[in-house]
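Please look through the sequence and the model shown below before reading on, and keep both in view as the explanation moves from one part to the next.

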There are 2 protein chains.
Amino acid sequence: MSAITVPLSSTSRTALRRRKERGSTDRDDLYAVLDAGMICHLGVVLDGSPRVLPTAYGRIDDTLYLHGSVANSAFGGADDHEVCVTVTLLDGLVCARSVNAHSMNYRSAMIFGIARMVHDEAGRLAGLRAVTETLIPGRWAATREPNRKEMAAVAVLALPLAEASVKIRTGGPLDASQDYALDVWAGVVPVRTVFGTPEPDPALRPGLPVPQHIRDRVTS
Amino acid sequence: MSAITVPLSSTSRTALRRRKERGSTDRDDLYAVLDAGMICHLGVVLDGSPRVLPTAYGRIDDTLYLHGSVANSAFGGADDHEVCVTVTLLDGLVCARSVNAHSMNYRSAMIFGIARMVHDEAGRLAGLRAVTETLIPGRWAATREPNRKEMAAVAVLALPLAEASVKIRTGGPLDASQDYALDVWAGVVPVRTVFGTPEPDPALRPGLPVPQHIRDRVTS
């Protein structure tokens, strides 16, 4: 999986629609990958060293919001610095006849840019809401909103979706022509992320049913 | 999710066994997270900028092997440079009564060190085998091994498991005491990665059944 950097700007509509073998420049593809994921990996340079942090995220239009703690130095170190945020969704193990032709079906988005800590309360709340709603749509409205003290411990980074690379692989194995005669099984083992039966908190108040937004999240 | 850096060295056995709330220093925990994952995110600094690449990996004892292409500049740029490799497994969405107390159950390993490109053919083959076997145990022996020309296009990075941080969160939500009286459902939505029914390559030779090592991978 290698990266192709493509500017996603409103001034290069042609580039936006160009599609390479595993590189897509379509903004809709970028949105689709981001909206399907739950965790991103935030890359920052801290004292000259790379750090890769898994974090929750959410998207509002062309801004990605990342959620962290004010106590996390690497997360805080991303403020006003160049970052790379990668979201990867694994869709299948592609089994070929030769070891070399094995591959994975996946969707990945790599976003480049300067991240900025959000300071205004309305923006921070909106970012946190986007993060929550990415994980469980409908959850925000069903819960108690954060108070001022709680918000003080939350760090919200914003990253514009200005430069990104989207890569998508689908389909079966592509073996060298002479290998199709081999007695080796080839195909795809699909990989999926599923949500199981909700497990109520043992301390849950009696009589509280599993709400619709949680039931909607469970994989049928 | 923040990182706690802990040296994993044979000279600090006490540190190895120390366990913090979400930080574990147990080498067995590190192995368990790495052996359960399929994709890692490799962080490198390229021309001063962070890059986060999703790659396949495998482990042999205390060395992590990463698989890439010789054509990928960021992957190649990791050679003899400091990297951060993160593996994250999402286990559950932790739903609390307040937005602020929401969390995720997860296992993550963050490994720090100098990566080195493997140059000797035996080492490269062993690394590639470890990568393949991490994805589908038993696959290597069932397929055609790479030839010299194919191996020339493969890049294998090795990273010693010398310094790492393992973080594991399990269990239900932890709300502020006054929030337990709220009429909000709380609990955990389990998240799992599953392997579906194998999809044979349309070009598969007739009469080739799905082999046992593939059937073993499918989630029952």
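In which sense do strand β10 of chain A and strand β9 of chain B pair, and over how many bridges? In this predicted model, strand β10 (residues 199-200) of chain A and strand β9 (residues 187-195) of chain B run antiparallel to each other, and two bridges join them. Within this pairing, A:E199 is found opposite B:V188, a residue of β9(B).

The contact between the chains extends over 82 residues of chain A, which meet 82 residues of chain B. On the side of chain A that touches chain B, the element that gives the most is strand β9 (residues 187-195) of chain A, with nine residues. Sorted by class, that side of chain A holds 50 nonpolar, 19 polar and 13 charged residues.

Finally, consider helix α4 (residues 121-135) of chain A, whose 15 residues reach 22 Å from the first C-alpha to the last, close to the 21 Å expected at 1.5 Å a residue. Among its buried residues are A:G127, A:L128, A:V131 and A:L135. The cover over the buried residues of α4(A) includes β3 (49-60) and β7 (154-160) of chain A, together with β5 (81-95) of chain B.

Definitions and conventions: Residues numbered from 1 in each chain as written. Chains lettered and ligands numbered in written order. Predicted model: local features only at pLDDT ≥ 70, side-chain atom pairs only at ≥ 80, totals over all residues. Helix = DSSP H or I, 4+ residues; strand = E, 2+ residues; numbered from the N terminus. Expected span 1.5 Å × (residues − 1). Buried ≥ 20, exposed ≤ 12 C-beta atoms within 10 Å, placed from the backbone. Contact = placed C-beta atoms within 7 Å. Nonpolar A, V, L, I, M, F, W, Y, C, P; charged D, E, K, R; others polar. Pairing = 2+ DSSP bridges.
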